Amino acid sequence: MRRGEDLRRYLRQEAMPNVWCPGCGHGNVMTALTKACDATQLDLDNTVVVGGIGCASRMPFFLNTNAMHTTHGRALTFATGIKLARPDLTVIAVMGDGDALAIGGNHLIHACRRNIDLTALILNNEIYGMTGGQLAPSTPQGMRSATSPFGSIEMPFDTVELALAAGATYVARTTTFDFDEMPRLIQAALAHPGFSLIEILTQCPTYFGRLNKLGAGRALLDYEKDMTEPLETLTREDLAGKLPTGVFRDEIRPEYTRRYAALCERARKGARD
Amino acid sequence: MEQLIQGNEACALGALRAGCSFFAGYPISPSSEIMEWMARLLPPRGGVFVQMEDELASLGAVIGASWTGAKAMTATSGPGFSLMQEHIGYAAMTETPCVIVDSQRVGPSTGMPTMPAQGDVMQARWGSHGDRPAIVLTASSVRDTYEMTVEAFNLSETYRLPVVLLLDATLSHMRENVTFREIDVITRARPASAEGFEPFGSPEFMPLGNGARFMVTGLAHDETGHQRASNGAADRLLRRAIDRLDAEAERIAHTRRYQLEDASLVFISYGITARAARAAVDELRAEGIRAGLLELLTLWPVPDPLVGSVARDADAIVVPELNLGQVALLVRARAGATPTFPLGRVNGTLLRPDEIASAGRAALHGDRNVR
């Protein structure tokens with residue numbers, strides 16, 4: 001990994017400063033993404049970063065790649081169209097938890113099911129940031145938000161379980177506390193020939209931290225550390241109350257654009273017969 | 001070569017003729033055969049067909065594909081068209097060429113899924129929030145459907161806009177003997193160089209993945225793609241795009257004039273209903289009534305001077321359509337002092353020539369109850 005100075009070429013300097021609040025974890029994720037890009041020597045001209053709507057989905061603005069900032073929840077649909085039409089491009093979708101799991105939940109499970117070669121980063125801060133701190137489908141039970149002022153009674157989604165059940169072929173979870181692990185996982189996801197998904201727990205001091213009296217950046221990193229445990233060190237009993245982190249699935253299954261190319265070949269021969 | 005072709009099949013063939021290489025859709029009556037044909041025709045040609053999880057996803061994928069340079073389309077009907085509105089707005093905001101076919105059925109809501117209607121004229125223009133430039137075409141025969149599909153692509157490539165083609169359940173499922181004629185195909189221009197090229201507000205289009213790394217966003221932006229909330233760039237880009245369409249409305253306007261030269265009773269109609277209106281003109285002419293028909297194939301932008309001059313020369317205008325007066329409203333706003341009578345229907349049946357003819361007779365007598 002190179003030092004920060006060298007990573008600047010992955011950032012769109014003219015779009016700075018970024019929109020994120022002081023203490024927000026999204027910048028840490030972007031740093032990790034640039035490190036992963038650097039480690040894989042990603043060709044920026046042939047990379048497209050697609051975002052939906054929300055704080056996390058602003059990331060494409062600040063990356064020096066082809067970038068598309070789309071509509072709320074639908075980033076994966078645009079990404080699917082780009083990848084199908086240009087399978088040679090590396091396509092990364094950056095989404096928030098509300099973006100990917102609530103309004104975009106349908107697109108998420110279908111992208112997993114197709115196993116199309118996209119990399120989805122879901123930045124989960126357990127709350128809606130951009131609209132002012134409302135309840136997300138990832139907000140833990142009992143936690144407060146602008147629309148759950150008495151504490152949430154909703155069952156949150158487990159993003160990893162959802163992606164595994166829907167058929168994603170690379171599924172991982174990490175946190176912004178795991179600063180060195182993030183780029184390694186993203187690098188593996190980028191190299192994975194199929195649909196790869198990483199849930200990254202990230203901190204929102206402005207809303208999640210404040211409304212739940214958890215403090216700001218550093219305290220929220222501790223919150224992430226306390227709520228998670230690496231997969232390999234966990235037994236089933238340990239799991240109670242903890243979210244496992246690490247790689248949950250990493251397997252090769254037929255990828256959609258390759259299956260589609262084979263289908264075209266079959267159709268072409270069939271048309272000739 | 002004459003072929004017996006269904007409307008929806010003609011639409012698919014028109015798309016291929018226009019160079020469409022990407023189709024994403026979601027099944028819905030009465031448009032489904034368009035996607036079924038594309039599923040069969042695109043793969044052997046190396047094009048992409050994908051069935052998405054809903055209509056928002058379909059148009060999202062189409063817009064993504066268009067940004068790689070592909071000519072891309074989707075096809076749907078009422079409820080799906082309603083879902084697509086957000087992405088139609090996104091395509092307009094990002095100057096993305098694409099084609100959306102809406103085979104109209106009776107609404108609102110699930111309505112009558114297999115019965116014809118023309119109730120989406122206003123939604124096609126104003127369905128997405130905010131102001132935007134819009135081109136909306138329609139067709140009244142299977143041959144038209146083929147030709148207007150090609151025209152929809154040509155206009156979307158020329159103006160970098162989402163173009164809507166309105167069909168209806170009857171036209172979609174109708175079969176006619178057709179000989180397709182050769183039509184010129186237009187493909188979006190590419191800038192000579194990525195160097196210094198501004199990706200927005202230009203008729204030239206730079207696809208993603210070609211060396212110019214810029215931002216495509218539905219947020220208000222300037223010519224470079226940078227988000228700009230308040231420096232006037234978004235206002236400038238929007239007005240420029242709308243003014244360009246207005247200035248070329250005559251070129252975009254496709255109409256058919258039938259027996260209009262001496263007409264005192266004018267029908268203004270479009271789509272499947274225009275066929276019945278034409279027969280009504282013949283019926284009335286046989287009685288000695290000087291009736292005529294202006295058929296609109298372009299609904300938006302409204303061919304203002306033409307509609308205005310035809311309307312003002314008439315003694316009475318009747319606007320037969322399968323809705324409760326959407327185009328009648330547009331005609332009335334341009335008809336000056338000439339009395340304009342809507343003739344609407346929303347029960348899932350077509351207007352018959354004799355019904356249109358009797359509405360014409362009533363209109364000439366100033367009877368406001370032409371319905």
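Which domains does the domain assignment give for chain B? Domain 1 covers 3-178 and domain 2 covers 257-364; such bounds come from an automatic or database assignment. This is a predicted model, in which local features need pLDDT of at least 70 and side-chain atom pairs count only at pLDDT 80 or more, while totals for chains, interfaces and linings use all residues. Residues are numbered from 1 along each chain as its sequence is written, and chains are lettered from A and ligands numbered from 1 in the order written.

Start inside chain B. The centres of its domains 1 and 2, taken over C-alpha atoms, are 26 Å apart. In domain 1, 24 residues are in contact with 19 residues of domain 2. Contact means C-beta atoms, placed from the backbone, within 7 Å. On the domain 1 side, at least two residues each come from β6 (112-116), α5 (121-126), β7 (135-138), α6 (142-159), β8 (162-168) and α7 (169-173). Helices (H or I, at least four residues) and strands (E, at least two) are DSSP runs, numbered from the N terminus.

Now turn to chain A. Here 35 residues of chain B are in contact with 34 residues of chain A. Elements of chain B giving two or more residues to this side include β2 (22-25), β3 (48-51) and α4 (78-93). α3(B) gives the most, with eight residues.

Strand β2 (residues 66-69) of chain A runs parallel to β10(B), joined by three bridges; pairing requires at least two DSSP bridges between two strands. A:His69 has B:Thr217 in β10(B) as its bridge partner.

Conventions. Contact = placed C-beta atoms within 7 Å.
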